[in-house]
Amino acid sequence: IRQYLYRMKLTLAALQLYSLLFATAFGCSIKNKPVVLRFRTKIGNIVRIEADLDDPLEKVVRTIDTDENVNLDCNNVRLDLKQTINELHLSNGALISISSNGKSRGAGLKKKEVPKKPHKSGMFQPFPALAKPDYARLVQKTKAKANMKSSMSYADLNNIASAMHKVEPQKEGRIKRVYLCADSAQKFQTRAMKKSGEVDQKIGLLFGTVHKERENPAKLARTSLGSTTEAVKMCEVIKVQALHQLSSPSLETAETQRAIKLAKKLELSVVGCIYSYDGTTRAEGDVIHGTDVVNAARLQIENMRANKSDKFIVLPMEAQSGATEAFQLSDLSVQMIHEGILSDEGVEGKQLATTVPVLLDGNEVGEIDCLLCLVNTGLLSNTGKYKTKIANLNPKNKKKLIKLLHGDEVDFLQELCSFSLLVALDKLLNDAQMNSLCDTLVRYTKRRQTKIPTDLKMVLETILSD
(Lines give C-alpha, C1' and ligand atoms only; values in the text may rest on other atoms or scores of the structure.)
Protein backbone atom coordinates (compact mmCIF):
# COMPACT_ATOMS: atom_id res chain seq x y z
CA ILE A 1 0.00 0.00 0.00
CA ARG A 2 2.83 2.42 0.84
CA GLN A 3 4.51 1.73 -2.50
CA TYR A 4 1.19 2.24 -4.30
CA LEU A 5 0.62 5.61 -2.58
CA TYR A 6 4.18 6.68 -3.32
CA ARG A 7 3.73 5.89 -7.02
CA MET A 8 0.42 7.84 -7.07
CA LYS A 9 2.17 10.91 -5.61
CA LEU A 10 4.89 10.70 -8.25
CA THR A 11 2.25 10.40 -10.99
CA LEU A 12 0.30 13.45 -9.73
CA ALA A 13 3.49 15.51 -9.48
CA ALA A 14 4.39 14.60 -13.03
CA LEU A 15 0.91 15.52 -14.28
CA GLN A 16 1.10 18.93 -12.55
CA LEU A 17 4.48 19.57 -14.11
CA TYR A 18 3.20 18.63 -17.59
CA SER A 19 0.12 20.84 -17.11
CA LEU A 20 2.27 23.80 -16.15
CA LEU A 21 4.58 23.35 -19.13
CA PHE A 22 1.60 22.91 -21.52
CA ALA A 23 -0.22 25.99 -20.23
CA THR A 24 2.92 28.09 -20.55
CA ALA A 25 3.56 26.92 -24.10
CA PHE A 26 -0.11 27.33 -25.09
CA GLY A 27 -0.29 30.80 -23.57
CA CYS A 28 2.80 31.89 -25.48
CA SER A 29 1.38 30.58 -28.72
CA ILE A 30 -1.89 32.44 -28.16
CA LYS A 31 -0.08 35.64 -27.30
CA ASN A 32 2.07 35.48 -30.39
CA LYS A 33 -0.75 34.46 -32.71
CA PRO A 34 -1.67 37.30 -35.15
CA VAL A 35 -5.20 38.74 -35.15
CA VAL A 36 -7.40 39.94 -38.03
CA LEU A 37 -8.75 43.47 -37.61
CA ARG A 38 -11.55 44.96 -39.73
CA PHE A 39 -11.31 48.62 -40.74
CA ARG A 40 -14.23 50.68 -42.10
CA THR A 41 -12.65 53.27 -44.43
CA LYS A 42 -13.84 56.84 -44.93
CA ILE A 43 -15.90 55.82 -47.98
CA GLY A 44 -17.52 52.90 -46.17
CA ASN A 45 -15.52 49.93 -47.46
CA ILE A 46 -14.50 47.14 -45.05
CA VAL A 47 -10.79 46.15 -45.20
CA ARG A 48 -9.37 43.18 -43.25
CA ILE A 49 -5.73 43.30 -42.08
CA GLU A 50 -3.70 40.68 -40.20
CA ALA A 51 -1.46 42.11 -37.49
CA ASP A 52 0.58 41.03 -34.46
CA LEU A 53 -0.53 41.95 -30.95
CA ASP A 54 2.73 43.84 -30.41
CA ASP A 55 2.21 46.08 -33.47
CA PRO A 56 1.27 49.73 -32.80
CA LEU A 57 -2.16 50.58 -34.21
CA GLU A 58 -0.63 53.45 -36.20
CA LYS A 59 1.61 51.04 -38.11
CA VAL A 60 -1.40 48.90 -39.06
CA VAL A 61 -3.69 51.73 -40.18
CA ARG A 62 -0.98 53.34 -42.36
CA THR A 63 -1.20 50.35 -44.71
CA ILE A 64 -4.67 51.52 -45.83
CA ASP A 65 -4.78 55.24 -44.98
CA THR A 66 -1.78 57.57 -45.19
CA ASP A 67 -3.66 60.59 -43.84
CA GLU A 68 -2.09 61.61 -40.54
CA ASN A 69 -5.21 63.48 -39.42
CA VAL A 70 -7.54 60.56 -38.74
CA ASN A 71 -9.57 59.30 -35.82
CA LEU A 72 -10.04 55.62 -35.01
CA ASP A 73 -13.05 54.38 -33.06
CA CYS A 74 -14.11 50.95 -31.88
CA ASN A 75 -17.50 50.51 -30.18
CA ASN A 76 -17.77 54.31 -29.77
CA VAL A 77 -14.39 54.42 -27.96
CA ARG A 78 -11.58 56.62 -29.37
CA LEU A 79 -8.36 54.61 -29.88
CA ASP A 80 -4.81 55.84 -29.31
CA LEU A 81 -2.71 55.20 -32.43
CA LYS A 82 0.49 55.02 -30.38
CA GLN A 83 -0.66 52.02 -28.33
CA THR A 84 -0.28 48.40 -29.42
CA ILE A 85 -3.13 46.13 -30.32
CA ASN A 86 -2.58 44.15 -27.14
CA GLU A 87 -2.62 47.31 -24.98
CA LEU A 88 -5.90 48.38 -26.60
CA HIS A 89 -7.39 44.92 -25.88
CA LEU A 90 -8.54 44.54 -29.49
CA SER A 91 -9.80 41.04 -30.12
CA ASN A 92 -9.79 39.04 -33.33
CA GLY A 93 -12.37 40.48 -35.79
CA ALA A 94 -12.71 43.86 -34.04
CA LEU A 95 -14.33 46.53 -36.27
CA ILE A 96 -12.49 49.89 -36.28
CA SER A 97 -13.96 52.97 -38.01
CA ILE A 98 -11.66 55.48 -39.72
CA SER A 99 -12.82 59.10 -39.91
CA SER A 100 -11.28 62.49 -40.55
CA ASN A 101 -10.66 64.72 -37.56
CA GLY A 102 -11.52 67.85 -39.61
CA LYS A 103 -7.95 69.20 -39.93
CA SER A 104 -7.57 67.99 -43.50
CA ARG A 105 -10.02 69.81 -45.78
CA GLY A 106 -10.64 70.28 -49.46
CA ALA A 107 -9.27 73.46 -51.00
CA GLY A 108 -11.66 76.36 -51.39
CA LEU A 109 -14.42 74.94 -49.19
CA LYS A 110 -15.69 76.85 -46.20
CA LYS A 111 -16.62 74.93 -43.09
CA LYS A 112 -20.35 74.75 -42.61
CA GLU A 113 -22.39 73.61 -39.69
CA VAL A 114 -24.81 70.91 -40.81
CA PRO A 115 -27.46 70.65 -38.11
CA LYS A 116 -28.87 67.21 -37.49
CA LYS A 117 -32.62 67.31 -37.73
CA PRO A 118 -34.28 65.38 -34.90
CA HIS A 119 -37.18 63.25 -36.00
CA LYS A 120 -40.24 64.29 -34.08
CA SER A 121 -43.82 63.69 -35.08
CA GLY A 122 -45.36 66.82 -36.53
CA MET A 123 -42.02 68.32 -37.66
CA PHE A 124 -41.68 69.50 -41.25
CA GLN A 125 -40.32 66.87 -43.63
CA PRO A 126 -39.88 67.63 -47.36
CA PHE A 127 -40.83 64.06 -48.29
CA PRO A 128 -42.25 62.28 -45.20
CA ALA A 129 -42.49 58.91 -46.96
CA LEU A 130 -38.67 58.90 -47.34
CA ALA A 131 -37.85 60.03 -43.79
CA LYS A 132 -35.75 57.69 -41.66
CA PRO A 133 -35.23 57.52 -37.89
CA ASP A 134 -32.08 59.05 -36.41
CA TYR A 135 -29.38 56.52 -37.38
CA ALA A 136 -26.82 57.35 -34.68
CA ARG A 137 -29.43 57.28 -31.93
CA LEU A 138 -30.85 53.98 -33.18
CA VAL A 139 -27.39 52.36 -33.33
CA GLN A 140 -26.56 53.53 -29.82
CA LYS A 141 -29.88 52.23 -28.49
CA THR A 142 -29.50 48.89 -30.28
CA LYS A 143 -25.93 48.41 -29.01
CA ALA A 144 -27.04 49.19 -25.47
CA LYS A 145 -29.65 46.44 -25.71
CA ALA A 146 -27.09 44.11 -27.30
CA ASN A 147 -24.69 44.63 -24.40
CA MET A 148 -27.38 43.38 -22.05
CA LYS A 149 -27.76 40.28 -24.23
CA SER A 150 -23.96 40.00 -24.83
CA SER A 151 -24.42 40.05 -28.63
CA MET A 152 -26.51 41.48 -31.49
CA SER A 153 -29.24 39.40 -33.05
CA TYR A 154 -30.17 39.34 -36.74
CA ALA A 155 -33.23 41.39 -35.82
CA ASP A 156 -30.95 44.07 -34.34
CA LEU A 157 -28.83 44.17 -37.50
CA ASN A 158 -31.94 44.40 -39.70
CA ASN A 159 -33.24 47.19 -37.51
CA ILE A 160 -30.03 49.18 -38.04
CA ALA A 161 -30.04 48.47 -41.80
CA SER A 162 -33.65 49.71 -42.08
CA ALA A 163 -32.53 53.13 -40.76
CA MET A 164 -30.05 53.60 -43.65
CA HIS A 165 -31.11 55.39 -46.82
CA LYS A 166 -30.81 53.38 -50.02
CA VAL A 167 -29.39 55.67 -52.71
CA GLU A 168 -30.79 55.06 -56.20
CA PRO A 169 -31.10 57.32 -59.26
CA GLN A 170 -34.59 58.78 -59.76
CA LYS A 171 -35.91 58.14 -63.26
CA GLU A 172 -38.46 60.94 -63.58
CA GLY A 173 -38.93 64.34 -62.00
CA ARG A 174 -42.08 66.16 -61.02
CA ILE A 175 -42.03 68.29 -64.15
CA LYS A 176 -41.30 67.29 -67.72
CA ARG A 177 -39.52 70.40 -69.03
CA VAL A 178 -38.80 74.02 -68.26
CA TYR A 179 -39.11 77.13 -70.41
CA LEU A 180 -36.41 79.70 -69.59
CA CYS A 181 -36.70 83.38 -70.49
CA ALA A 182 -33.80 83.90 -72.92
CA ASP A 183 -33.53 87.68 -72.30
CA SER A 184 -33.31 87.29 -68.51
CA ALA A 185 -30.75 84.48 -68.88
CA GLN A 186 -28.59 86.67 -71.12
CA LYS A 187 -28.69 89.52 -68.58
CA PHE A 188 -27.72 87.06 -65.83
CA GLN A 189 -24.75 85.85 -67.88
CA THR A 190 -23.62 89.44 -68.52
CA ARG A 191 -23.61 90.18 -64.79
CA ALA A 192 -21.60 87.01 -64.12
CA MET A 193 -18.71 88.17 -66.33
CA LYS A 194 -16.41 90.96 -65.14
CA LYS A 195 -14.86 93.42 -67.58
CA SER A 196 -11.50 91.80 -66.89
CA GLY A 197 -12.85 88.50 -68.23
CA GLU A 198 -12.98 86.87 -64.80
CA VAL A 199 -16.10 85.06 -63.60
CA ASP A 200 -18.15 86.55 -60.76
CA GLN A 201 -20.17 83.55 -59.62
CA LYS A 202 -23.82 84.51 -59.15
CA ILE A 203 -26.97 82.78 -57.95
CA GLY A 204 -30.48 83.83 -58.88
CA LEU A 205 -34.02 82.94 -57.92
CA LEU A 206 -36.48 81.94 -60.65
CA PHE A 207 -40.10 83.10 -60.51
CA GLY A 208 -42.65 81.55 -62.82
CA THR A 209 -45.79 79.52 -63.32
CA VAL A 210 -46.63 75.83 -63.57
CA HIS A 211 -48.73 74.68 -66.52
CA LYS A 212 -50.07 71.49 -68.02
CA GLU A 213 -49.44 70.69 -71.66
CA ARG A 214 -49.19 67.69 -73.96
CA GLU A 215 -46.25 65.47 -73.11
CA ASN A 216 -45.55 65.12 -76.82
CA PRO A 217 -46.03 68.58 -78.38
CA ALA A 218 -46.12 67.11 -81.91
CA LYS A 219 -49.32 67.73 -83.83
CA LEU A 220 -51.93 65.02 -83.28
CA ALA A 221 -53.85 63.33 -86.06
CA ARG A 222 -57.50 64.40 -86.07
CA THR A 223 -60.73 63.04 -87.55
CA SER A 224 -63.12 64.97 -89.76
CA LEU A 225 -65.09 65.95 -86.64
CA GLY A 226 -62.05 67.54 -85.04
CA SER A 227 -61.40 64.94 -82.33
CA THR A 228 -58.04 63.26 -81.90
CA THR A 229 -57.48 59.62 -82.81
CA GLU A 230 -55.38 58.89 -79.73
CA ALA A 231 -55.39 59.62 -76.01
CA VAL A 232 -53.60 62.85 -75.09
CA LYS A 233 -51.04 62.37 -72.33
CA MET A 234 -50.49 65.54 -70.33
CA CYS A 235 -47.49 66.65 -68.25
CA GLU A 236 -46.55 69.55 -66.01
CA VAL A 237 -44.04 72.18 -67.15
CA ILE A 238 -42.50 75.30 -65.64
CA LYS A 239 -42.39 78.64 -67.43
CA VAL A 240 -39.85 81.06 -65.99
CA GLN A 241 -41.31 84.59 -66.11
CA ALA A 242 -38.76 86.53 -64.03
CA LEU A 243 -35.28 86.24 -62.52
CA HIS A 244 -34.06 87.84 -59.29
CA GLN A 245 -30.40 87.85 -58.28
CA LEU A 246 -29.67 86.72 -54.71
CA SER A 247 -26.96 88.01 -52.41
CA SER A 248 -26.71 84.56 -50.73
CA PRO A 249 -28.24 81.09 -51.26
CA SER A 250 -31.14 81.67 -48.86
CA LEU A 251 -34.78 82.74 -49.02
CA GLU A 252 -34.78 84.09 -45.47
CA THR A 253 -33.09 87.47 -46.07
CA ALA A 254 -35.30 90.56 -45.90
CA GLU A 255 -34.48 91.52 -49.50
CA THR A 256 -35.41 88.08 -50.85
CA GLN A 257 -38.62 87.94 -48.82
CA ARG A 258 -39.61 91.30 -50.30
CA ALA A 259 -38.98 89.99 -53.82
CA ILE A 260 -41.08 86.86 -53.12
CA LYS A 261 -43.92 89.02 -51.82
CA LEU A 262 -43.74 91.15 -54.98
CA ALA A 263 -43.79 88.02 -57.17
CA LYS A 264 -46.98 86.81 -55.46
CA LYS A 265 -48.67 90.11 -56.33
CA LEU A 266 -47.76 89.39 -59.96
CA GLU A 267 -49.27 85.86 -59.62
CA LEU A 268 -45.81 84.23 -59.74
CA SER A 269 -44.15 81.76 -57.38
CA VAL A 270 -40.65 80.44 -56.72
CA VAL A 271 -39.94 77.68 -59.27
CA GLY A 272 -36.17 77.17 -59.02
CA CYS A 273 -32.71 78.72 -59.02
CA ILE A 274 -29.95 79.48 -61.51
CA TYR A 275 -26.24 79.83 -60.81
CA SER A 276 -23.14 80.63 -62.88
CA TYR A 277 -19.82 78.80 -62.73
CA ASP A 278 -16.37 79.18 -64.26
CA GLY A 279 -16.11 76.67 -67.10
CA THR A 280 -12.32 76.92 -67.22
CA THR A 281 -11.96 75.42 -63.74
CA ARG A 282 -14.12 72.36 -64.36
CA ALA A 283 -13.74 69.32 -66.57
CA GLU A 284 -15.86 69.08 -69.71
CA GLY A 285 -19.40 68.08 -68.77
CA ASP A 286 -18.72 68.75 -65.09
CA VAL A 287 -21.53 71.30 -64.69
CA ILE A 288 -22.62 70.66 -61.12
CA HIS A 289 -20.68 70.05 -57.91
CA GLY A 290 -21.64 68.80 -54.48
CA THR A 291 -21.79 72.34 -53.05
CA ASP A 292 -24.21 73.35 -55.83
CA VAL A 293 -26.51 70.44 -54.93
CA VAL A 294 -26.51 71.33 -51.23
CA ASN A 295 -27.23 75.04 -51.87
CA ALA A 296 -30.04 74.24 -54.31
CA ALA A 297 -31.56 71.67 -51.94
CA ARG A 298 -31.60 74.15 -49.08
CA LEU A 299 -33.39 76.69 -51.27
CA GLN A 300 -35.92 74.03 -52.28
CA ILE A 301 -36.47 72.99 -48.65
CA GLU A 302 -37.04 76.60 -47.56
CA ASN A 303 -39.49 77.06 -50.43
CA MET A 304 -41.34 73.81 -49.62
CA ARG A 305 -41.63 74.85 -45.97
CA ALA A 306 -43.02 78.29 -46.87
CA ASN A 307 -45.07 77.60 -50.00
CA LYS A 308 -45.79 73.83 -49.91
CA SER A 309 -44.51 73.45 -53.49
CA ASP A 310 -42.42 70.41 -54.49
CA LYS A 311 -41.64 71.66 -58.01
CA PHE A 312 -38.16 73.16 -58.18
CA ILE A 313 -35.71 73.41 -61.07
CA VAL A 314 -31.91 73.89 -60.95
CA LEU A 315 -30.16 75.63 -63.86
CA PRO A 316 -26.32 75.62 -63.96
CA MET A 317 -24.92 78.18 -66.45
CA GLU A 318 -21.37 78.36 -67.76
CA ALA A 319 -20.51 82.04 -67.43
CA GLN A 320 -18.20 82.21 -70.46
CA SER A 321 -20.56 80.74 -73.08
CA GLY A 322 -23.96 81.00 -71.40
CA ALA A 323 -24.56 77.27 -71.97
CA THR A 324 -27.28 76.20 -69.55
CA GLU A 325 -28.64 72.81 -68.50
CA ALA A 326 -31.68 71.88 -66.42
CA PHE A 327 -31.97 69.41 -63.56
CA GLN A 328 -34.29 68.53 -60.75
CA LEU A 329 -33.06 67.20 -57.42
CA SER A 330 -34.23 63.72 -56.54
CA ASP A 331 -36.74 63.51 -53.69
CA LEU A 332 -34.35 61.32 -51.68
CA SER A 333 -31.41 63.74 -51.95
CA VAL A 334 -33.56 66.65 -50.72
CA GLN A 335 -34.78 64.58 -47.77
CA MET A 336 -31.24 63.42 -46.89
CA ILE A 337 -29.88 66.98 -46.97
CA HIS A 338 -32.78 68.08 -44.77
CA GLU A 339 -31.86 65.33 -42.28
CA GLY A 340 -28.21 66.40 -42.34
CA ILE A 341 -27.03 63.11 -43.88
CA LEU A 342 -25.60 64.54 -47.13
CA SER A 343 -22.96 67.25 -46.81
CA ASP A 344 -20.40 69.06 -48.96
CA GLU A 345 -18.05 69.30 -45.99
CA GLY A 346 -14.51 68.00 -46.50
CA VAL A 347 -15.05 66.89 -50.12
CA GLU A 348 -14.38 68.44 -53.51
CA GLY A 349 -15.90 68.35 -56.98
CA LYS A 350 -18.87 66.11 -57.62
CA GLN A 351 -18.59 64.17 -54.37
CA LEU A 352 -20.95 64.44 -51.40
CA ALA A 353 -20.02 63.10 -47.97
CA THR A 354 -22.47 61.28 -45.71
CA THR A 355 -22.57 61.79 -41.97
CA VAL A 356 -23.85 58.22 -41.48
CA PRO A 357 -23.49 55.14 -43.73
CA VAL A 358 -25.91 54.83 -46.67
CA LEU A 359 -26.58 51.91 -48.98
CA LEU A 360 -25.38 52.09 -52.59
CA ASP A 361 -25.61 48.95 -54.74
CA GLY A 362 -25.98 46.89 -51.57
CA ASN A 363 -22.80 48.28 -49.95
CA GLU A 364 -22.42 50.67 -47.05
CA VAL A 365 -20.64 53.83 -48.23
CA GLY A 366 -19.72 57.18 -46.72
CA GLU A 367 -19.46 59.17 -49.95
CA ILE A 368 -21.56 59.38 -53.15
CA ASP A 369 -21.40 61.08 -56.55
CA CYS A 370 -23.75 64.07 -56.73
CA LEU A 371 -24.96 62.89 -60.16
CA LEU A 372 -27.05 60.33 -58.25
CA CYS A 373 -29.01 63.29 -56.85
CA LEU A 374 -30.02 64.72 -60.23
CA VAL A 375 -32.93 64.17 -62.63
CA ASN A 376 -32.33 65.36 -66.20
CA THR A 377 -34.98 67.80 -67.41
CA GLY A 378 -35.73 69.26 -70.83
CA LEU A 379 -34.90 72.94 -71.35
CA LEU A 380 -36.58 75.20 -73.92
CA SER A 381 -36.58 78.95 -74.54
CA ASN A 382 -39.44 81.43 -74.17
CA THR A 383 -40.07 85.10 -73.46
CA GLY A 384 -40.88 85.85 -69.84
CA LYS A 385 -43.68 88.22 -68.90
CA TYR A 386 -41.37 90.18 -66.61
CA LYS A 387 -38.03 89.79 -68.35
CA THR A 388 -35.15 92.00 -67.25
CA LYS A 389 -35.04 95.21 -69.29
CA ILE A 390 -34.63 98.41 -67.29
CA ALA A 391 -32.80 97.27 -64.17
CA ASN A 392 -32.75 100.45 -62.04
CA LEU A 393 -34.03 104.00 -61.73
CA ASN A 394 -30.98 106.01 -62.73
CA PRO A 395 -31.55 109.49 -64.29
CA LYS A 396 -31.31 108.15 -67.83
CA ASN A 397 -33.96 105.46 -67.24
CA LYS A 398 -36.23 107.92 -65.38
CA LYS A 399 -36.12 110.27 -68.35
CA LYS A 400 -37.05 107.44 -70.71
CA LEU A 401 -39.94 106.26 -68.52
CA ILE A 402 -41.44 109.73 -67.96
CA LYS A 403 -41.44 110.28 -71.71
CA LEU A 404 -43.37 107.02 -72.22
CA LEU A 405 -45.77 107.87 -69.38
CA HIS A 406 -46.69 111.13 -71.08
CA GLY A 407 -47.11 109.33 -74.38
CA ASP A 408 -48.58 105.87 -75.06
CA GLU A 409 -49.58 104.07 -71.84
CA VAL A 410 -49.20 100.66 -73.54
CA ASP A 411 -45.52 101.32 -74.26
CA PHE A 412 -45.07 102.52 -70.68
CA LEU A 413 -46.66 99.35 -69.24
CA GLN A 414 -44.50 97.22 -71.52
CA GLU A 415 -41.36 98.85 -70.08
CA LEU A 416 -42.66 98.39 -66.53
CA CYS A 417 -42.85 94.62 -67.10
CA SER A 418 -39.31 94.22 -65.80
CA PHE A 419 -38.95 92.49 -62.45
CA SER A 420 -35.74 94.34 -61.56
CA LEU A 421 -37.46 97.68 -62.20
CA LEU A 422 -40.47 96.63 -60.11
CA VAL A 423 -38.15 95.70 -57.24
CA ALA A 424 -36.75 99.25 -57.38
CA LEU A 425 -40.26 100.79 -57.46
CA ASP A 426 -41.37 98.58 -54.58
CA LYS A 427 -38.93 100.46 -52.32
CA LEU A 428 -40.54 103.82 -53.25
CA LEU A 429 -44.27 102.96 -53.27
CA ASN A 430 -46.45 101.98 -50.34
CA ASP A 431 -48.37 98.69 -50.25
CA ALA A 432 -51.61 100.09 -51.67
CA GLN A 433 -49.81 101.82 -54.55
CA MET A 434 -47.74 98.70 -55.30
CA ASN A 435 -50.84 96.50 -55.24
CA SER A 436 -52.54 98.83 -57.72
CA LEU A 437 -49.50 98.79 -60.01
CA CYS A 438 -49.20 94.98 -59.90
CA ASP A 439 -52.93 94.51 -60.61
CA THR A 440 -52.57 96.80 -63.62
CA LEU A 441 -49.59 94.86 -64.95
CA VAL A 442 -51.29 91.47 -64.43
CA ARG A 443 -54.28 92.64 -66.51
CA TYR A 444 -51.88 93.94 -69.15
CA THR A 445 -49.91 90.65 -69.38
CA LYS A 446 -53.21 88.78 -69.78
CA ARG A 447 -53.91 91.01 -72.81
CA ARG A 448 -56.89 92.66 -71.22
CA GLN A 449 -57.86 96.28 -71.84
CA THR A 450 -55.82 98.19 -69.30
CA LYS A 451 -55.74 101.80 -68.12
CA ILE A 452 -53.43 103.14 -65.45
CA PRO A 453 -55.45 104.52 -62.48
CA THR A 454 -55.24 108.32 -62.30
CA ASP A 455 -53.90 108.47 -58.73
CA LEU A 456 -51.24 105.84 -59.51
CA LYS A 457 -50.22 107.73 -62.63
CA MET A 458 -49.72 110.92 -60.59
CA VAL A 459 -47.55 109.07 -58.05
CA LEU A 460 -45.40 107.50 -60.78
CA GLU A 461 -45.00 110.87 -62.48
CA THR A 462 -43.80 112.41 -59.20
CA ILE A 463 -41.26 109.61 -58.60
CA LEU A 464 -39.90 109.66 -62.14
CA SER A 465 -39.64 113.45 -62.21
CA ASP A 466 -37.32 113.59 -59.16
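1. In this predicted model, the axes of helix H10 (residues 409-416) and helix H12 come within 10 Å and cross at roughly 105°. An angle of that kind makes H10 roughly perpendicular to H12. On the H10 side the contact is made by Val 410, Leu 413, Gln 414 and Leu 416, and on the H12 side by Leu 437, Thr 440, Leu 441 and Tyr 444. Sorted by class, the residues of this contact of H10 with H12 comprise six nonpolar, two polar and no charged.

2. Helix H12 (residues 431-445) also packs with helix H11 (residues 419-426), at an angle of about 160° and with the two axes 11 Å apart. Because angles over 145 degrees count as roughly antiparallel, H11 is described as roughly antiparallel to H12. The crossing in which H11 passes H12 is right-handed. H11 contributes Leu 422, Leu 425 and Asp 426 to the contact, while H12 contributes Met 434, Leu 437 and Leu 441. The residues of the contact of H11 with H12 divide into five nonpolar, no polar and one charged. Leu 437 and Leu 441 of H12 are listed in the contact with H11, and they are listed in the contact with H10 as well.

3. The buried residues are Phe 419, Ser 420, Leu 421, Leu 422, Val 423, Leu 425 and Asp 426. Among them, Leu 422, Leu 425 and Asp 426 are the residues through which H11 meets H12. As background, an α-helix has 3.6 residues a turn, so residues three or four places apart point the same way.

4. A further helix pair is formed by H9 (residues 395-405) and H13 (residues 454-465), which pack at an angle of about 150° with their axes 9 Å apart. H9 and H13 are therefore roughly antiparallel to each other, and H9 passes H13 in a left-handed crossing. In H9, Lys 398, Leu 401, Ile 402 and Leu 405 meet Lys 457, Leu 460, Glu 461, Ile 463, Leu 464 and Ser 465 in H13. The contact of H9 with H13 has, by class, six nonpolar, one polar and three charged residues.

5. Glu 339 deserves a separate remark. Its place is in the loop between helix H8 (331-338) and strand S12 (342-343). Glu 339 has a relative accessibility of 1% and therefore counts as buried, the cut-off for that term being under 20%. The side chain of Glu 339 makes a polar contact, at 2.9 Å, with the side chain of His 165.

Terms used
Residues are numbered from 1 along each chain as its sequence is written. This is a predicted model: local features need pLDDT of at least 70, side-chain atom pairs count only at pLDDT 80 or more; totals for chains, interfaces and linings use all residues. Side-chain values use heavy atoms; hydrogens and water are left out. Axes are lines fitted to C-alpha atoms, for helices over the stretch in contact, and angles run from 0 to 180 degrees between N-to-C directions. Helices (H or I, at least four residues) and strands (E, at least two) are DSSP runs, numbered from the N terminus. Angles under 35 degrees count as roughly parallel, over 145 as roughly antiparallel, 65 to 115 as roughly perpendicular and the rest as oblique. A crossing is left-handed if the near helix is turned anticlockwise from the far one by less than a right angle, and right-handed if clockwise. Contact means heavy atoms within 4.5 Å. Ala, Val, Leu, Ile, Met, Phe, Trp, Tyr, Cys and Pro count as nonpolar, Asp, Glu, Lys and Arg as charged, and the others, Gly among them, as polar. Buried means under 20% relative accessible area, exposed over 50%, partly exposed in between (1.4 Å probe, protein chains only). A polar contact is a pair of N or O atoms within 3.5 Å; within protein, one must be able to donate a hydrogen and the other to accept it, and residues adjacent in sequence count only if both atoms are side-chain atoms.
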